[in-house]
Amino acid sequence: MRGDTDTGDPVTVMVTRVVAPEREEEFARWAEDVDRAAAGCPGHLGAVRLDDGQGLHHLVYRFDSAEHLDAWERSDVRRELLRRGNRISEPRSSRSTDLAPWFTLQEQNVPPRWKSFLTTWAAAYPCLLTIATLLKLLFPALPQAAALAVNSLVLTALLTWVIQPRLTRRARSWLLRGARPAGTRGTTSEPRG
């Protein structure tokens, strides 16, 4: 819905939300409520929702002016919606006066390396211990080079297709807390909802 007067350049806000595990359906209902509420505001030009399939959801809203976007962001309806949304997801946002956010997503957030290290080690150590123990019990005469080849092959397969996808999905809120977009330094965008 377009406002009665043109009060400036169109502005786009993109909010990326990290959805808590097991809360995807609740998040979808919440996002629909946000879309309906925003569409009823003066100056609303449109909205798009995208998700990466890994729990990151991008909500893009376009208003005909910064003033209309600010009015939406200060509204009591939005404030109540944010309270609900913050129980099931963690927000990040960016704002632009050009069309770039309509066609490009924010850069992928990268967890701090120490968190990536800890999750990888937490997944790898028990696997290595189990595989090495089983190999030693089942094939005690297996040469070390062959045992290491089998161990690394099974470990890599388990980490790639079974363990890491599940572990990172479960730990994504923790992994992405304090994360920065890839290739940037400094502070993250102010959460806008």
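Leaving aside neighbours within four places in sequence, Gly-8 is in contact with Asp-64 and Ser-65, and this glycine belongs to the segment before strand E1. In this predicted model, Gly-8 has a relative accessible area of 31%, and because that value falls between the 20% and 50% limits, the residue counts as partly exposed. Gly-8 and Phe-63 are 55 residues apart in sequence, and their C-alpha atoms are 9.9 Å apart in space.

**The chain as a whole**

- The chain contains six helices and six strands, and when it is read along the sequence these elements follow the pattern β-α-β-β-α-α-β-α-β-α-α-β.
- Of the 193 residues in the chain, 35% are buried.
- The accessible surface of the chain comes to about 11,600 Å², and 61% of this surface belongs to carbon and sulfur atoms.
- Among the contacts between residues at least 6 apart in sequence, 80% join residues that are at least 24 apart.

**The nonpolar cores**

- In soluble globular proteins, nonpolar side chains tend to be buried together.
- The largest nonpolar core of this model has 18 residues, and those with the most contacts inside this core are Phe-27, Trp-30, Tyr-61, Phe-63 and Trp-72.
- At least two residues of this core come from each of the following elements: strand E1 (11-19), helix H1, strand E3 (56-63), helix H2 (66-74) and helix H3 (76-88).
- Helix H1 gives the most to this core, with six residues.
- Tyr-61, not counting residues up to four places away in sequence, touches Val-11, Thr-12, Val-13, Val-34, Asp-35, Ala-38, His-44, Gly-46 and Ala-47.
- There is also a second, separate core of seven residues, and among them are Ala-123, Ala-124, Leu-135 and Leu-159.

**Aromatic pairs and a charge over a ring**

- The model has three aromatic pairs.
- In one of these pairs, the ring centres of Phe-27 and Trp-30 are 5.4 Å apart and the ring planes meet at 40°, so the pair is tilted, a class that lies between the limits of 30 and 60 degrees.
- Phe-27 and Trp-30 both lie in helix H1 (residues 24-39), where they are three residues apart, or about one turn of the helix, and both of these residues are buried.
- An α-helix has 3.6 residues a turn, so residues three or four places apart point the same way.
- Trp-114 and Trp-174 form an edge-to-face aromatic pair, with 5.7 Å from centre to centre and 85° between the planes.
- This pair links distant parts of the chain, for Trp-114 is in helix H5 and Trp-174 is in helix H6, 60 residues apart.
- Lys-115 lies over the face of Trp-174, at 5.0 Å from the centre of the ring.

**Helix H5 and its partner H6**

- Helix H5 (residues 113-138) has 26 residues and reaches 37 Å from its first C-alpha to its last, which is close to the 38 Å expected at 1.5 Å a residue.
- The buried residues of H5 are Lys-115, Thr-119, Ala-123, Ala-124, Cys-127, Ile-131 and Leu-135, and the buried residues of this helix pack against helix H6 (144-176).
- Thr-119, which has its place in helix H5, has a relative accessible area of 8% and is buried because this value is under 20%.
- Not counting residues up to four places away in sequence, Thr-119 touches Gln-164, Leu-167, Trp-174 and Leu-175.
- Pro-165 lies in helix H6 and, at 33% relative accessibility, counts as partly exposed.
- Leaving aside its neighbours within four places in sequence, Pro-165 is in contact with Leu-159 and Thr-160.

- Arg-17 and Glu-90 are 73 residues apart in sequence, while in space they are 5.2 Å apart, taken from C-alpha to C-alpha.

Technical notes. Residues are numbered from 1 along each chain as its sequence is written. This is a predicted model: local features need pLDDT of at least 70, side-chain atom pairs count only at pLDDT 80 or more; totals for chains, interfaces and linings use all residues. Side-chain values use heavy atoms; hydrogens and water are left out. Helices (H or I, at least four residues) and strands (E, at least two) are DSSP runs, numbered from the N terminus. The expected span of a helix is 1.5 Å times one less than its number of residues. Buried means under 20% relative accessible area, exposed over 50%, partly exposed in between (1.4 Å probe, protein chains only). Contact means heavy atoms within 4.5 Å. Accessible areas come from the Shrake-Rupley method with a 1.4 Å probe; for residues, only the protein chains shown count as cover. Rings of Phe, Tyr and Trp (its six-membered ring) pair if their centres lie within 6.5 Å; planes under 30 degrees apart count as stacked, over 60 as edge-to-face and the rest as tilted. A charge sits over a ring if NZ of Lys or CZ of Arg is within 6 Å of the ring centre and within 35 degrees of the ring normal. A nonpolar core is a set of buried Ala, Val, Leu, Ile, Met, Phe, Trp, Tyr and Cys residues joined through side-chain atoms within 4.5 Å.
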